Amino acid sequence: MPQTVRGIVARAKGQPVEVAPIVIPDPGPGEVVVAVQACGVCHTDLHYREGGINDEFPFLLGHEAAGIVETVGEGVDHVAPGDFVVLNWRAVCGQCRACKRGKPQYCFDTFNATQKMTLEDGTELSPALGIGAFAEKTLVHQGQCTKVDPEADPAVVGLLGCGVMAGLGAAVNTGGVSRGDTVAVIGCGGVGDAAIAGSRLVGARTIIAVDRDPKKLEWARELGATHTVNAADTDAVEAIQELTDGFGADVVIDAVGRPETWKQAFYARDLAGTVVLVGVPTPDLTLDMPLIDFFSRGGALKSSWYGDCLPERDFPQLVDLYQQGRLPLEKFVTERIGLDEVEQAFSTMHRGEVLRSVVVL
């Protein structure tokens, strides 16, 4: 029988979100109902509310989540009722050209649930990133569920579902940071700090955090930065070069996503260094640079989408590292809140006062 639960709905562009009754259908073939235990408040959810993703209102927000599989539909063999899972928005298809070329992290046809969750009047909801986890329960495709250690804290490991994985993966998977490298991270919010934590995890010798907010720089040090640069009063490129023997960093990660920060990343890298863009630019932003500057340097210019992760490979490993005390994921959880505090959490996040607010259900 369909179930009615509480969830956070964005009904119109720029309007405050609200708690509303959500109807969850019985899972169909390949589908799973998950009882959500925790869900992080991510900038992407705010982008949905502001109409920055698309205009398919109303949205059921939330996507950075962990919970327990409750019921499964026909043909589900990937998970079973009672499994503890982290939700992901890259359920790879295995059949598209990227998957067949052995690059499933670029899958062009990822799976979502076929059925729609609705409001009580039958209005179909668009789940954020195909998940919709600001709700007591949600309906997803079985491939969106990744089993991890059930002893882990849902509020902590659920963050792997988006922001932490995006930043950590940008460093380790996309940037290829390895032991002895020098790394600079521009923008020290949740994603940037995850890139710092990932760089520390794999043994980078110098990790430079760049931001304009002293509080964020303090967080960056706690998560592994060896040096900090306040870009409000210091030239970031010159500071990074000075801290890397005048050469520039091996890998520079732009976790902001603006032309000025990307240029800083470009000029702050070593001549054969790598730039990774993981901050999400808005569609109106453009880049104007001399082409000769691209020709004059080797290395690589990359963008990172979801940290180029494979959830089935990466999530369990990272949860194990957290459980062993080698990856301090708990430091990303600034506060734990209730479902009815999401709108307030958007304001707190926008002011840069938290790494993550996490809704606990």
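The dialogue below takes these features in turn.

Author: This is a predicted model, in which local features need pLDDT of at least 70 and side-chain atom pairs count only at pLDDT 80 or more, whereas totals for chains, interfaces and linings use all residues. Residues are numbered from 1 along each chain as its sequence is written, and side-chain values use heavy atoms, with hydrogens and water left out.

Reader: In what sense do strand 1 and strand 2 pair, and over how many bridges?

Author: Helices (H or I, at least four residues) and strands (E, at least two) are DSSP runs numbered from the N terminus, and two strands pair if DSSP finds at least two bridges between them. Here strand 1 (residues 3-10) pairs with strand 2 (residues 18-24) in the antiparallel sense over seven bridges, and glycine 7 has alanine 20 of strand 2 as its bridge partner.

Reader: At what angle do helix 4 and helix 5 pack?

Author: Axes are lines fitted to C-alpha atoms, for helices over the stretch in contact, and angles run from 0 to 180 degrees between N-to-C directions. Angles under 35 degrees count as roughly parallel, over 145 as roughly antiparallel, 65 to 115 as roughly perpendicular and the rest as oblique. Helix 4 (residues 163-174) and helix 5 pack at about 50°, with axes 7 Å apart, which makes helix 4 oblique to helix 5. Contact means heavy atoms within 4.5 Å, and among the residues that meet are Gly163, Ala171 and Val172 in helix 4 and Val191, Gly198 and Ser199 in helix 5.

Reader: How does helix 5 lie against helix 6?

Author: Helix 5 (residues 190-201) and helix 6 (residues 214-222) pack at an angle of about 25°, their axes being 9 Å apart, and they are therefore roughly parallel to each other. Asp193, Ile196 and Arg200 of helix 5 make the contact with Lys216, Trp219, Ala220 and Glu222 of helix 6.

Reader: How many salt bridges does the count come to?

Author: A salt bridge is a side-chain nitrogen of Lys or Arg within 4 Å of a carboxyl oxygen of Asp or Glu, and by this rule the count comes to ten. One of these joins arginine 6 to glutamate 136, with the closest N and O atoms 3.2 Å apart. This pair links distant parts of the chain, 130 residues apart, since arginine 6 lies in strand 1 and glutamate 136 in the loop between strand 8 (126-127) and strand 9 (137-141).
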